[in-house]
Amino acid sequence: MKKETWKELTLGTINLNAGNSVQNLTGTWRSGKKPQFIEDKCIQCFFCWLYCPHHAIEVQGEEVKGIKYDYCTGCGMCSEVCPPKEKAIVMVKEEIKLAERSSK
Amino acid sequence: MSTLKTLNGNQSVAEAARQIDPDVVAAYPITPSTSIVETIAKFKADGLITGEFVCPESEHSAMSLCIGAASGGGRVMTATGSQGLALMWEMLYIAAGLRLPIVAGIVNRSLSAPINIHGDHSDTMGARDSGWIQIYSENCQEAYDNFIQAFRIAEHLDVRTPALVGLDGFIISHSLEGIQVEDDEKIKKFAGEYKPVYPMLDTDQKKTVGPIDFTDYYFEHKRNQIEGIENAPKVIEEVGKEFGKEFGREYGFFEEYRTDDAEVCIVVMSSAAGTCKDAVDELRNQGKKVGLLKPRVFRPFPHRKIAEVLKRMKAVAVLDRSSSPGAFGAPLFTEIRSALYDYPERPKIVNYVYGLGGRDIKGEHFKEVASKLERIAKTGKVEEIYGYINLRE
């Protein structure tokens, strides 16, 4: 994405492209671990959705369906707040493929 | 027709505020600026202004409120001084960064410790890198005139930068003077209608105000902000000329007093310049070639214009009503000395700090400075580059 020069910027740091944070793939920050969603353990409490700092919980219809890895930073919050004894979200190892991510 | 009224400095600023009637006035009272806010509150209670008047819980909140109101699209002002301005600190930078043309009447007062309520320039000089335009006033009339012009300067589309107008605590803020108050209609016309750029209250246009910038954009946004204040000199000049045409009192970046054939020159801002004029007159009567340069605009600093006047002097004394501990001289001095650097022919230059915490500076002190300058001009030698006036040694 081409970045503007200082002369091209909107006055007063105003961003007229509101909502453009979707372009910021915070999933590229993830390093080492990622959450894994186990659907049949999920009680649909939505705690993960509520606590996720990057809105990275995939919801379809009215059900939690998984993780949006483009935005998941791997912070582990979802897994931490997941209430069942056998958690529906567990953190698993992830091999980092920097080259693949930066190409996005 | 303009009317001669007996007003003190604070009432003069409040009178200008009444005539311009900003959409929002948000301010917290602090000595010696309180009566600006108090008078505006009375105007509001008496139904003489239509704008909102808000008194939040602190100056930090007052400036935050100004930023919110200005982002919303309003013409906004505040007044404060000293610790109040210091408490606004982080918000001053935000107002400037967001390019919101807020106007502030600052009644210059010393900073604690030790606590002191009297006038010096420590407060605004401390804010000199906050990105605000700074205009200083010698007397009540200038406070009134500058405050009106500040709106036009700050709001100009090439500038869109907040501006503060300084007046010396007590010496100006609480001294009664006869001042020419112009007609309400004429001032309203001069100030014009304020047109906000990207107001938040325009909900048809989606926008984010104050987004986070990391290493990829912060630098460009700061450079963009600098351009605003760098565009200000042209506007300051135009507005000062237009004000003169309309009301008979023209303003520039500084005032020269008997500098034409002067060999030595004193540089001093604000109320002390009035005293200095009397001293210069007395010295001129004795045949001494002494002049005065009174800076009005400190930010943006008119470095080239000031240097063009001072370069032909033999010796110059810059008098600062604030100190910059550990620096090579006080703020006004470092600016002027730096401005003269590029001129092969330049005067000897010295710096005196005076009047901290409201300490008097009298005619005799200016005469002392002038005689020191004459000695420097004669010998070409500077024995003491940095000194203090009227201090018990």
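The legends below describe close-up views of a predicted model with two chains, A and B.

**View 1. Chain A and its order of helices and strands.** Chain A contains 3 helices and 4 strands, and, when the chain is followed from the N terminus on, these elements come in the order β-α-β-β-α-β-α. Taken along the principal axes, the C-alpha atoms of chain A fill a box of roughly 55 × 30 × 20 Å. The radius of gyration of chain A is 17 Å, whereas a compact globule of 104 residues would have a value near 13 Å. Of the 104 residues in chain A, 17% count as buried. When contacts in chain A with a separation of 6 or more are considered, 66% of them are accounted for by residues 24 or more positions apart.

**View 2. Chain B and its overall form.** In chain B there are 14 helices and 15 strands. The radius of gyration of chain B, 21 Å, is close to the 21 Å that the globule rule gives for 393 residues, so chain B is as compact as a globular protein of that length. The C-alpha trace of chain B spans about 70 × 55 × 45 Å along its principal axes, and 51% of the 393 residues of this chain count as buried. Among the contacts in chain B that link residues at least 6 apart in sequence, 80% join residues at least 24 apart.

**View 3. The place where chain A touches chain B.** Here 12 residues of chain A are in contact with 19 residues of chain B. On the side that belongs to chain A, the touching residues divide into 6 nonpolar, 4 polar and 2 charged.

**View 4. Two helices of chain B that pack against each other.** Helix α7 of chain B, which covers residues 140-155, packs with helix α10 of chain B, which covers residues 232-247, at an angle of about 130° and with the two axes 10 Å apart. Because of this angle, α7(B) is oblique to α10(B), and the crossing of the two helices is right-handed.

**View 5. The residues that meet between α7(B) and α10(B).** From α7(B), the residues Asp145(B), Gln149(B), Arg152(B) and Ile153(B) take part, and they meet Ala232(B), Val235(B), Ile236(B), Val239(B), Gly240(B) and Phe243(B) of α10(B). Sorted by class, the residues in this contact of α7(B) with α10(B) are 6 nonpolar, 2 polar and 2 charged.

Conventions:
Residues are numbered from 1 along each chain as its sequence is written. Chains are lettered from A and ligands numbered from 1 in the order in which they are written. This is a predicted model: local features need pLDDT of at least 70, side-chain atom pairs count only at pLDDT 80 or more; totals for chains, interfaces and linings use all residues. Two residues are in contact if their C-beta atoms, placed from the backbone, lie within 7 Å. Ala, Val, Leu, Ile, Met, Phe, Trp, Tyr, Cys and Pro count as nonpolar, Asp, Glu, Lys and Arg as charged, and the others, Gly among them, as polar. Axes are lines fitted to C-alpha atoms, for helices over the stretch in contact, and angles run from 0 to 180 degrees between N-to-C directions. Angles under 35 degrees count as roughly parallel, over 145 as roughly antiparallel, 65 to 115 as roughly perpendicular and the rest as oblique. A crossing is left-handed if the near helix is turned anticlockwise from the far one by less than a right angle, and right-handed if clockwise. The radius of gyration is taken over C-alpha atoms; the globule rule is 2.2 Å times the number of residues to the power 0.38. A residue is buried if 20 or more other C-beta atoms lie within 10 Å of its own, exposed if 12 or fewer, and partly exposed in between; C-beta atoms are placed from the backbone.
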